[in-house]
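Work through the following exercises with the sequence and the structure side by side. Each task is followed by a solution that goes step by step.

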Amino acid sequence: MMTVRVRASGAAALAVAGLCAGCNTVTPVAYSEVASARDLAPTAAAASGRMPYRYSAPADWRSYDKVMLDPVVIYRGRDHQFGDMSEADKARLAGYMRTRFLDSLSARFQPVHRRGPNTLRVRLTLTGAVANTPVLGTASRFDLAGAVYNGVQSARDGEGLLTGSVFYAAEIFDAADGRLLNAFVSKQYPTPYDIKASVGALAAAEAGIDKGADALVAQLQ
């Protein structure tokens with residue numbers, strides 16, 4: 001009898017998780033008013049959403065030892081993905097993004113404020129964000145249906161149930177001559193069992209920014 005009950009509970013959990021699978025998923029687009037949009041092409045990573053569009057030119061990243069980071073732009077195009085997020089929350093995320101990316105880049109490059117040789121210029125555009133679902137996002141880490149769904153998502157590097165995320169475009173130039181070396185659209189989100197990132201409306205978006213900052217530095221090694 002106990003085995004039957006466990007199996008029934010598991011089946012119910014799977015069914016509920018299946019119904020919720022797309023409830024907080026937003027797919028980023030090649031934002032039309034980002035300057036490099038015409039250069040972007042779909043990537044093999046499009047299914048995961050982490051980096052669905054990218055442009056890459058030949059570049060020897062080891063020849064660069066300095067970086068300029070522009071102020072983060074809040075995207076105003078009609079195809080933005082902020083939903084009804086307030087201007088105050090957008091500004092908070094943009095400020096956090098600049099601070100966090102500068103910290104990560106500083107571990108690899110010397111920050112500078114003028115164009116020159118051996119210098120990269122990085123321009124970030126915050127194009128959208130999804131807030132956490134209050135209370136339910138955290139609760140879903142502990143109930144049976146949430147545990148099943150989040151377990152599957154963890155295995156496939158997917159989003160957790162009712163969890164927020166952040167969207168942005170990054171453009172990387174040779175600061176001396178202005179050549180576009182790399183550009184991409186990214187969606188970042190915390191791991192499904194990051195409990196800290198489920199508490200607070202913008203916690204998951206900020207955790208996504210953390211991931212994006214570290215990923216960019218790894219890309220430029």
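**Exercise 1. Decide whether Asp177 is buried, exposed or partly exposed, and find its salt-bridge partner.**

Solution. Begin with accessibility, for which buried means under 20% relative accessible area, exposed means over 50%, and partly exposed lies in between (1.4 Å probe, protein chains only). Asp177 has a relative accessibility of 46% and therefore counts as partly exposed. Next look for the partner, taking a salt bridge as a side-chain nitrogen of Lys or Arg within 4 Å of a carboxyl oxygen of Asp or Glu. Asp177 pairs in this way with Arg179, and their closest N and O atoms are 2.8 Å apart. Arg179 is partly exposed as well, because its relative accessible area is 41%. Elsewhere, salt bridges with shared partners connect Arg76, Glu87 and Lys90 into one network.

Before going on, note that this is a predicted model, in which local features need pLDDT of at least 70 and side-chain atom pairs count only at pLDDT 80 or more, while totals for chains, interfaces and linings use all residues. Residues are numbered from 1 along each chain as its sequence is written, and side-chain values use heavy atoms, with hydrogens and water left out.

**Exercise 2. Place Arg179 in the fold and list what it touches.**

Solution. Helices (H or I, at least four residues) and strands (E, at least two) are DSSP runs, numbered from the N terminus. With these labels, Arg179 falls in the loop between S7 and S8. A contact requires heavy atoms within 4.5 Å; leaving out residues up to four places away in sequence, Arg179 touches Tyr64, Ile172, Phe173 and Asp174. Arg179 and Arg121 are 58 residues apart in sequence, and their C-alpha atoms are 9.8 Å apart in space.

**Exercise 3. Describe helix H5 and identify what covers its buried residues.**

Solution. Helix H5 spans residues 203-219, which is 17 residues, and reaches 24 Å from its first C-alpha to its last. That is close to the expected 24 Å, where the expected span is 1.5 Å times one less than the number of residues. Among the buried residues of H5 are Ala203, Glu206, Ile209, Gly212, Ala213, Leu216 and Val217. Their cover includes helix H2 (87-106) and the strands S6 (119-130), S7 (165-174) and S8 (180-188).

**Exercise 4. Which residues touch the most other members of the largest nonpolar core?**

Solution. A nonpolar core is a set of buried Ala, Val, Leu, Ile, Met, Phe, Trp, Tyr and Cys residues joined through side-chain atoms within 4.5 Å. The largest has 33 residues, and Phe101, Leu105 and Leu120 touch the most other members. Strand S3 (66-69), H2, S6, S7, S8 and H5 each supply at least two residues of this core. Leaving out residues up to four places away in sequence, Phe101 touches Leu69, Leu124, Tyr168, Ile209, Gly212, Ala213 and Leu216. A second, separate core has eleven residues, including Leu40, Tyr75, Val130 and Ala183.

**Exercise 5. Where is the pLDDT under 50?**

Solution. pLDDT is the predictor's confidence in each residue, from 0 to 100. The chain has a mean pLDDT of 82, with 72% of its residues at 70 or more. Residues 1-23 stay under 50, and the model has twelve contacts for them beyond four places in sequence. Residues 135-156 are also below 50, and this stretch has 44 contacts in the model beyond near neighbours in sequence.
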